Amino acid sequence: MADPSHTIHEHDVIVIGAGGAGLRAAIEASASGVSVGLVCKSLLGKAHTVMAEGGVAAAIGNVDDRDGWQVHFADTMRGGQYLNNWVMAEIHAKEAPARVLELEAWGAVFDRTKDGRVLQRNFGGHKYPRLAHVGDSTGLEMIRTLQDHGIHQGIEVYMEHTVTTLLKDGDRVVGAFGYDRERGRFRIYKAAAVVLATGGIGRAYKITSNSWEYTGDGHALAYNAGADLVDMEFIQFHPTGMVWPPSVRGILVTEGVRGEGGRLLNNKGERFMFDDIPDLYKNQVAKDDEEGWRYVLGDKEAHRPPELLTRDHVARCIVREVKEGRGSPHGGVFLDIAWIKEKMKNAPEHIKKKLPSMYEQFKELANVDITTEPMEVGPTTHYVMGGVRVDGLTQMSTVPGLFAAGEVAAGLHGANRLGGNSLSDLLVFGKLAGEHAARWAKEHGQGHIDAEQARDAEREALAPYERDGAENPYGVQSDLQEMMQEKVGIVRNENDMAAALDAIAALKRRADGVGVEGHREYNPGWHTALDLANLLTVSEAVARSALDRRESRGGHFREDCPDKSDEFAKHNTVVRKGPDGSMQLRREAIPPLRDDLKKVIEEQK
Amino acid sequence: MANVTFRIWKGRGEEAGYKDYDTDITEGMVVLDAVHQIQAESDPTLACRWNCKAGKCGSCSAEVNGQPKLMCMTRMDTLDTSEPVTIEPMRAFPHLRDLVTDVSWNYEVKKRIAPFKPRKPDAPDGTWRMSQDDVDRVQEFRRCIECFLCQDVCHVLREHHKHPEFAGPRHFVHTAALEMHPLDTDSRIGHMKNEGGIGYCNITKCCTKVCPAHIKITDNSIIPLKERVVDEFYDPLTKLFRIFRPKSRS
């Protein structure tokens, strides 16, 4: 018997998270005729997808008809330094165009080409203009389109509910346990299949573009349910976050600024990105300012400006400039889009039209007019490439009945994600996860909910109230963020990461002792206390995986092993919860690339 | 750095009231930063909604010194801090706790508005053609971040509590975006006239003034919708037409 104080919501499929991936999964599952519940921590339409700016990558070929799935596939693999799950990279490149165009049928209004088709823009690591976009607020357009379509599909939405534990019946997942934030009442979400679409882990770091929601919930839920996490050492530090004033440090400045011609400059006015071009890209970069600008204008003979190299590389170049004393006054570098007035009439209007929210953001928050002066920018924790290991064809994790899609799932991006590939990721794999979760639910039916598991989860959730007067959870959270930023950040080394693991163990002890006061109704102190366990789990996974990978590749850079290693090119890093509860790590060989795909990559070199 | 007093609406139901908090304000801080600092320093139970902290998600709506604002986009240096800064929840919606209100009514209203219904694709590959000029207006409306500040400031809701019979500015913008979408084939004009109660709006433009996305709500969405209602329901010629063609679309 379930505890009568636990309200039970029963659905065939429960989707946890209502960003793009969660909404897309819910829509797909619902379309196949099963009952769907969508559980989200915030109000509907507020999830992190709303923050995505530059665009959604899909080889539609509207602006340059040389584009096609093969080019997109090769770009994604090169960007990911070949650690990608190539099954996913192939599906993604082939299906992204249909997933993006489908949004038009649901009411999305992308910017247009002169002949009335969906316009596409340049972005880092993409060979051709590939990102369908709406100014610099593409994520808003996508989430609203999915939301407005989804609310008419019979999906039950549980807004402002948080899941703390997955419930299991033997090996398989049969539901989730959580609470509503408004009243703090406990709930059981019973389901034949569960889809995780919880996003990332950015709140483990001090400087981040991510909101409070990004506490690695899905990663930790899956890990605690026995699922594998893979590639957790690969974290994307977006090269351009705001750096001043302090309260806005980390807020994202879209790559679209560089896509529209923005140049990165150091305090000597040098365009330093020309100084270091990685081997993988040496045939693809402009030789000078002039060629770079021609590329921005759409000259098919020109190569990309070096600012549009992959994010991992651009971020490291910025760190180098700052470290060597060539940074801006507040510890970043300059990003200048105003200079395009030398090249075009009406430049200020053009900038405001193409980058309206950047214009607004800098004007309102930093007193900077980006049409006349440069922005100060520096790296910010943006995205985790690693996550729940899934089967590329079905999105099911290594735990039966548990699926994952979007940022919480791993595989597509390998060691580094290309800008624009996350929005296409969540559409393509959100759909796939929804489809296969529904199929699984139909084939397997409901499992048995063990009331004891739910009671344990309740006890754990309420434990901070037993410790009234103990340490405040905010202190532990901010110490963790500082520590991760310093020791497992953009530039890593063995000593720092070993120290980080010790620090995580100590922080875990502190987290076990935090207390909260007051009531259970909308109590942010309580919510923060519960998030801590997830943040600590993912932080440990990141540190352990990063310590094991003795090379530098993509988002993982080690000053003590600064080069790529052929040995480490052959495997992914996997962590799993061991029988004794400790985190166990192993290296797993990457399956050999199919011959035809190998050929595609060769042809695109 | 300056020490500033914040007078924040705190509590639930009958017991709710202002509570004063002091915290230090540094360069560039916004109101939301101050609220977070208060949570971390002195009151971890202080409830507020927020997400993006960059004016893009519309979660942190509140009334700062009586003005409907996004807390994340309201810089402290735009406020007079010699007096306590008051922060209250949006008053047009049922209060839950502290700065959090029950905005679920907005979601219900939207659900009752007919969804997008496109015409048949223009091209054999299933795609459509639309010129940028034709979508500019719709894109303006689609910038809405659903912060509901326009609903909060609207006197039809705030003072006259017409929630059951008035959709409010947010949903006029939503409807206008659908009605003016070049591909849409449905009509929501009858719905706006009846269930939407658009006639209650007397175009005082309060909604336009508070919109953080700078949508010209009144001029570009409400007035054109009102004109369509007039054309469809009150134009004498159309009326005559309707008498003779009673089964035509309404």
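In the predicted model, helix 5 of chain A contains the buried residues A:D217, A:G218, A:H219, A:A220, A:L221, A:A222 and A:Y223. Because seven of the eight residues of this helix are buried, helix 5 of chain A is largely enclosed by the rest of the structure. Just beyond the helix, A:G226 adopts a positive phi of about 100 degrees.

Helix 5 (residues 217-224) of chain A packs against helix 15 (residues 524-548) of chain A, with axes that come within 8 Å and cross at roughly 75 degrees. Since crossing angles of 65 to 115 degrees count as roughly perpendicular, helix 5 of chain A is placed in that class relative to helix 15 of chain A. On the side of helix 5 of chain A, the contact is formed by A:D217, A:H219, A:A220 and A:Y223, and on the side of helix 15 of chain A by A:D531, A:N534, A:T537 and A:V538. Sorted by class, the residues in this contact between helix 5 and helix 15 of chain A comprise three nonpolar, three polar and two charged ones.

Chain B is built with 10 helices and seven strands, and its C-alpha trace extends over about 70 × 45 × 25 Å along the principal axes. Of the 250 residues in chain B, 56% count as buried. Among the contacts in chain B with a separation of 6 or more, 60% involve residues 24 or more positions apart.

The largest nonpolar core has 248 residues, of which B:F6 and B:M71 touch the most other members. When neighbours within four places in sequence are set aside, the residues in contact with B:M71 are B:V30, B:V31, B:L32, B:V35, B:C48, B:C60, B:A62, B:V64, B:I87 and B:L99.

Over all chains, the structure holds zero disulfides. For B:C57, which is in no disulfide, the nearest cysteine sulfur is that of B:C52, at 3.8 Å, whereas a disulfide would require the two sulfur atoms to lie within 2.5 Å. B:C57 counts as buried because its relative accessibility is 3%. In the case of B:C144, the closest cysteine sulfur belongs to B:C150 and is 6.4 Å away, which is too far for a bond. B:C144 is likewise buried, with a relative accessible area of 11%.

How values were computed
Residues numbered from 1 in each chain as written. Chains lettered and ligands numbered in written order. Predicted model: local features only at pLDDT ≥ 70, side-chain atom pairs only at ≥ 80, totals over all residues. Heavy atoms only, no water. Axes fitted to C-alpha atoms, helices over the stretch in contact; angles between N-to-C directions. Helix = DSSP H or I, 4+ residues; strand = E, 2+ residues; numbered from the N terminus. Parallel < 35°, antiparallel > 145°, perpendicular 65-115°, else oblique. Contact = heavy atoms within 4.5 Å. Nonpolar A, V, L, I, M, F, W, Y, C, P; charged D, E, K, R; others polar. Core = buried A, V, L, I, M, F, W, Y, C linked by side-chain atoms within 4.5 Å. Buried < 20%, exposed > 50% of the residue type's maximum accessible area, 1.4 Å probe, protein only.
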